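Work through the exercises below with the sequence and coordinates open. Each task is followed by a solution in steps.

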Amino acid sequence: MWSTTDIAMMSRAIMLARRGRYTTRPNPNVGCVIIDSHGAIVGEGWHQRAGGPHAEVHAWRMAGDKARGATAYVTLEPCSHYGRTPPCAKGLIEHGLQRVVIAMTDPNPQVAGRGIFMLQDAGIEVVSGLMADEARQLNPGFLSRMERGRPYVTLKLAASLDGKTALANGESKWITGPAARQDVQRLRALNCAVITGIETVLADDPSMNVRYQELGYLQQQLGEDELIQPLRVVLDSACRMPLNARLLQLSGAVLLVSCQPYPAEFCEALPAHVQCVQLPGIDGRVDLAALLQYLGKSCNSVLVEAGATLSGAFVSCGLADQLILYQAPKILGAAGRNLLQLPPYQQLSQIPALQLIEQRKVGVDNRLTLKIGY
Ligand SMILES: NC(=O)c1ccc[n+]([C@@H]2O[C@H](COP(=O)([O-])OP(=O)(O)OC[C@H]3O[C@@H](n4cnc5c(N)ncnc54)[C@H](OP(=O)(O)O)[C@@H]3O)[C@@H](O)[C@H]2O)c1
């Protein structure tokens with residue numbers, strides 16, 4: 001069904017879409033390539049930032065008159081609604097495209113097949129489903145928010161070979177090397193929010209922001225003004241957050257989540273970039289499903305950078321989608337602190353199902369990406 005040209009052009013559109021992965025949120029990453037009847041690329045582009053032109057607009061602007069009678073390859077169904085920009089399906093019709101090849105339909109309820117219908121209604125040949133799996137991988141966060149109403153959740157943990165995250169006395173700086181820590185900076189930059197538990201704040205006083213100077217090779221692709229700081233979220237059921245915590249002092253949005261109201265004098269002393277929200281609790285601790293539903297209004301993806309307690313809670317509730325584990329070539333011994341606090345399973349059939357997706361060396365450490373399935 002698909003020609004080699006179809007596959008080559010959609011692969012290119014997917015490659016282009018990936019260029020927007022640090023800057024388009026909360027919008028999806030989308031790429032578009034337009035070819036003429038001889039198979040030559042006459043236009044291409046990708047969605048660069050929310051509020052800016054969509055991928056199709058960049059492509060047809062580049063193609064100009066050559067868009068007439070041409071074929072467009074788009075990684076996501078063209079939109080059919082007026083948002084901050086007019087509908088791309090309408091634009092493709094007006095620019096005289098003859099055929100549109102789409103990798104996947106857009107689950108956004110404002111689109112959901114209407115873009116395809118608009119194109120077909122105007123007599124354009126539309127085919128859908130080319131490299132759909134690869135296109136889905138471009139947008140795990142956006143798709144999670146649209147399909148499940150909650151962000152895609154990645155746990156990040158750093159551990160020794162024997163799975164320990166710190167010595168018994170809490171000393172953990174640094175288990176992993178500088179390259180892994182730089183990689184974590186890029187992970188933070190990819191996510192809409194970074195979530196931690198109050199115990200990590202009390203123990204480490206982290207800043208949890210993205211430091212542009214520590215992004216390494218990404219600095220060549222991403223200008224400092226393009227960097228979007230993730231929302232920093234602290235789960236603090238019983239309102240133990242100290243006012244002098246470092247992450248409250250640094251600029252960039254912070255959300256404190258508790259199960260009871262913070263005292264009025266605490267709220268009055270907070271800087272303007274810090275907000276508090278009270279969510280329901282389960283056994284006195286923030287209900288993680290309620291938290292994700294709350295964050296799902298605006299966040300595509302979240303990174304959990306917490307200790308064994310909160311990271312383990314995300315896994316035991318079935319709310320963690322992926323684990324990125326930096327494994328250092330060190331052995332801390334049996335007295336060290338554990339990776340995840342999980343229920344005392346009685347059978348191996350009860351343990352979380354993990355699937356190794358990717359494994360690579362980052363500096364002196366090993367980085368494992370594991371899908372968590374239930
Ligand atoms: N190696 C790594 O990758 C890494 C990463 C981060 C931290 N750490 C280390 O981890 C240590 C702290 O770990 P930790 O396990 O004690 O603390 P943690 O997981 O960072 O935070 C746990 C706290 O989060 C709060 N919380 C709110 N809602 C929760 C929920 N639904 N489920 C679980 N917790 C919830 C609880 O306090 P309240 O009930 O008071 O809200 C809980 O005590 C530090 O020493 C830090 O250095 C290591």
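**Exercise 1.** Find the distance from a polar side-chain atom of Ser 237 to an oxygen atom of the ligand, and do likewise for Thr 200 and Asp 204.

*Solution.* Step 1: for Ser 237, the distance between a polar side-chain atom and a ligand oxygen is 2.6 Å. The protein covers 88% of the 920 Å² of accessible area that the ligand has on its own (Shrake-Rupley method, 1.4 Å probe; for residues, only the protein chains shown count as cover).

Step 1: Thr 200 places a polar side-chain atom 2.5 Å from an oxygen of the ligand. For Asp 204, a side-chain N or O atom is 2.6 Å from a ligand oxygen.

Step 2: note the basis of these values. The model is predicted, with local features needing pLDDT of at least 70 and side-chain atom pairs counting only at pLDDT 80 or more, while totals for chains, interfaces and linings use all residues. Residues are numbered from 1 along each chain as its sequence is written, and side-chain values use heavy atoms, with hydrogens and water left out.

**Exercise 2.** Describe the shell around the ligand: which elements each supply at least two residues, and how do its residues divide into nonpolar, polar and charged?

*Solution.* Step 1: there are 26 residues around the ligand (a heavy atom within 4 Å). Thr 200, Asp 204, Ser 237, Arg 240 and Thr 309 come nearest.

Step 1: at least two shell residues each come from strand S6 (152-160), helix H8 (198-204), strand S13 (285-286) and helix H12 (308-316). Helices (H or I, at least four residues) and strands (E, at least two) are DSSP runs, numbered from the N terminus. H8 gives the most, five residues.

Step 2: the shell holds 11 nonpolar, seven polar and eight charged residues. Here Ala, Val, Leu, Ile, Met, Phe, Trp, Tyr, Cys and Pro count as nonpolar, Asp, Glu, Lys and Arg as charged, and the others, Gly among them, as polar.

Technical notes: A polar contact is a pair of N or O atoms within 3.5 Å; within protein, one must be able to donate a hydrogen and the other to accept it, and residues adjacent in sequence count only if both atoms are side-chain atoms.
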